[in-house]
Amino acid sequence: MKVLVAVKRVIDYNVKIRVKPDHTDVDLTNVKMAMNPFCEIAVEEAVRLKEKGVATEIVAVTVGPKTAQEQLRTALALGADRAIHVETDARVESLGVAKLLKGVVDEEQPDLVILGKQAIDTDNNQTGQMLAALTGMPQGTFASEVSIENGEVSVTREIDGGLQTVKLRLPAVVTSDLRLNEPRYAKLPDIMKAKKKPLETRTPETLGVSIAAPPTLLKVETPAERQGGVKVASVDELVDKLKNEAKVL
Amino acid sequence: MSILVLAEYHEGQLAAGTAHVVAAAQAIGGDIDILVAGDNVAGVAEAAARLDGVSRVRVADNAVYAHQLAEPTADLLVALADDYTHLLAAATTTGKNVLPRVAALKDVNQISEILAVDSPDTFKRPIYAGNAIATVRSEDSLKVITVRTTAFDAVGESGAAAIEAVDVVVDNALSTFVDETLAQNERPELGGARVVISGGRGMGNGENFKLLEGIADKLGAAIGASRAAVDAGFVPNDMQVGQTGKIVAPELYIAVGISGAIQHLAGMKDSRVIVAINKDDEAPIFQVADYGLVGDLFELLPELEQKL
């Protein structure tokens, strides 16, 4: 079974973001970038499926500028067999990415596509669902458990207040939630080996896909800063403040 | 303008979030319809018809729509979409599952999790886990939008909208519902709790999280954790509050032994009142806490439990 896993290059989750002074966007210059955490979980799940003998080949894919190849190398170090870089410098959001990924799906014909449920930059939570729609595949979003049996994938989904299990006909799209697994760290020898694994480049033109224009970004602002409050000297004072000042007890 | 709101329900009850989505629809302006799609959902439709500001409740009552599965629900919305300028749903796991599928099938973008309506095509939404607010304008003829329900006050329930059946029936050969388990925890769910108490690396180990339980019991609180505590193996990942975990905004958030890494603050900084308990008086968590208590949590927690 072939598994396609999509990854995204985003600002490292530990970096405090800065909004540009002209409010046009978030400032990405000289900022540490990393693989989106939910994509790490998606890659890990693909690797585990291969370790179980369910998946035979893992293809990692990303859409983005040249630098996004770093995240493909990370995916290769974690266990993907080969990688496809859809290179573009355009501002693409979920619909545009989903259309480009559909182009890759058409070429690669995977049995399962795994994506992170959302990227921690735009927080859209759309791409997996959109890819499923465009390819006519069923979708198992926010997955906390995935198992493949008899041409179907059973996906346990994290829904508000509990869990829901659905069975989907393959090929299918799955998006990862936090509890799906705990991703491993790439080991140095694997990072070295990953440099030799195949990485092909595509462009929107070679895929025959025109990039869908995202919504117009008019302004980006920093939310109202939260002001720090007071230090209290004792538990008694804390309980008193919570009861009589904040009135939350 | 004409707006269709996808109703959400659980176990035959209209979800509270739908009244907030209708409020967002009112902010956009225009005729507001509600779609109730499911199996045996007459009761849900009646509840939806009582929401203020709704012109009409459209009910697609068929077994294929049971459990609000994404594939048939999206196909139904696509079949109805031509009557509308806006499709709205709550930014819940149901809305987030269904609406992007509809948007892609209609070849339009989706605007996720709006916080405010600037005009019928311009909206404010959080990016980077709420560390920045983007103002975006949809250029699409059909606007597909999910709504952060806490950002809009619910409409009242004194309406009497007409209820009409929708006879569109779609096929679903793609997905099958197997089962659903809703948490029967005595503690509230993290996302919806009025009070949340979270532990960080300072808790030392998973066993020590028991110190939070007594306090949580007294306050009816959910228990959370920082990513550091999860990464250290103290507690499972589903307790994680932060950019890569759950985003919470309770009335009271108590951070214990949490230094206040950016990624944690991103998940809780919209809480109404924040309390921090930490032995390091320089910890960044104190910069966002309304009330800070510096000291040894192993002494302070038992005392707090006793005095609540």
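**Entry 1: the A–B interface**

I looked up the area buried between chain B and chain A in this predicted model. The value is about 6900 Å², and carbon and sulfur atoms give 55% of that area. On the chain B side, I noted that Tyr128(B), Leu174(B) and Tyr291(B) lose the most area to chain A. Together these three residues make up 11% of what that side buries.

I then asked how many residues each chain brings to the contact. Chain B gives 83 residues and chain A gives 79 residues.

Next I looked up the polar side of the interface. I found 48 residue pairs in polar contact between chain B and chain A, counting pairs with both residues at pLDDT 80 or more. I sorted the residues of chain B that touch chain A by class, and got 37 nonpolar, 23 polar and 23 charged residues.

The rule finds 4 salt bridges across the interface of chain B and chain A. I looked up the one between Lys307(B) and Asp236(A), whose closest N and O atoms are 3.3 Å apart.

**Entry 2: strands that pair between chains**

I checked strand pairing across the two chains. Strand β12 of chain A, residues 216–221, is joined by 5 bridges to strand β10 of chain B, residues 132–137. The two strands run antiparallel. Which residue of β10(B) stands opposite Lys219(A)? I found Thr135(B) in that place.

**Entry 3: Asp179(B)**

I picked Asp179(B), which is found in strand β13 of chain B, residues 175–182. Leaving aside neighbours within four places in sequence, I listed the contacts of Asp179(B) as Leu163(A), Gln164(A) and Thr165(A). The relative accessible area of Asp179(B) is 38%, so this residue counts as partly exposed. I also took the distance between the C-alpha atoms of Asp179(B) and Thr92(B), which is 19 Å. These two residues are 87 residues apart along the chain.

**Entry 4: chain A as a whole**

I counted 7 helices and 13 strands in chain A. The C-alpha atoms of chain A fill a box of roughly 65 × 45 × 40 Å along the principal axes. Chain A has 249 residues, and 56% of them are buried. For contacts in chain A with a separation of 6 or more, I found that 69% are between residues 24 or more positions apart.

**Entry 5: Arg9(A) and its partners**

I counted salt bridges over all chains and got 40 by this rule. One of them joins Glu70(A) and Arg9(A), with the closest N and O atoms 3.1 Å apart. Arg9(A) has 19% relative accessibility and counts as buried, because the cut-off is under 20%.

I went on to Gln71(A), which also lies in helix α2 of chain A. The side chains of Gln71(A) and Arg9(A) are joined by a polar contact of 2.9 Å. Is Gln71(A) buried or exposed? I read a relative accessible area of 3%, so Gln71(A) is buried. Leaving aside neighbours within four places in sequence, the contacts of Gln71(A) include Val7(A), Lys8(A), Met33(A) and Met35(A).

**Entry 6: two further salt bridges**

Glu158(A) forms a salt bridge with Arg179(A), and I read 2.8 Å between the closest N and O atoms. Glu158(A) is in strand β8 (residues 152–159) of chain A, while Arg179(A) is in the loop between β10 (172–176) and α5 (188–194), 21 residues apart. I found Glu158(A) buried, with a relative accessible area of 10%. Arg179(A) counts as partly exposed at 37%.

Arg148(B) sits in the loop between β11 (143–147) and β12 (162–165), and Glu113(B) in strand β7 (residues 110–114), 35 residues apart. Arg148(B) is partly exposed at 22% relative accessible area, whereas Glu113(B) is buried at 15%.

Last, I noted a network in chain A made by salt bridges that share partners. The network joins Lys2(A), Glu57(A), Arg82(A), Glu107(A), Glu108(A), Glu200(A) and Arg202(A).

Methods. Residues are numbered from 1 along each chain as its sequence is written. Chains are lettered from A and ligands numbered from 1 in the order in which they are written. This is a predicted model: local features need pLDDT of at least 70, side-chain atom pairs count only at pLDDT 80 or more; totals for chains, interfaces and linings use all residues. Side-chain values use heavy atoms; hydrogens and water are left out. Contact means heavy atoms within 4.5 Å. Buried area is the accessible area (1.4 Å probe) that two parts lose on being put together, summed over both. A salt bridge is a side-chain nitrogen of Lys or Arg within 4 Å of a carboxyl oxygen of Asp or Glu. A polar contact is a pair of N or O atoms within 3.5 Å; within protein, one must be able to donate a hydrogen and the other to accept it, and residues adjacent in sequence count only if both atoms are side-chain atoms. Ala, Val, Leu, Ile, Met, Phe, Trp, Tyr, Cys and Pro count as nonpolar, Asp, Glu, Lys and Arg as charged, and the others, Gly among them, as polar. Two strands pair if DSSP finds at least two bridges between them. Helices (H or I, at least four residues) and strands (E, at least two) are DSSP runs, numbered from the N terminus. Buried means under 20% relative accessible area, exposed over 50%, partly exposed in between (1.4 Å probe, protein chains only).
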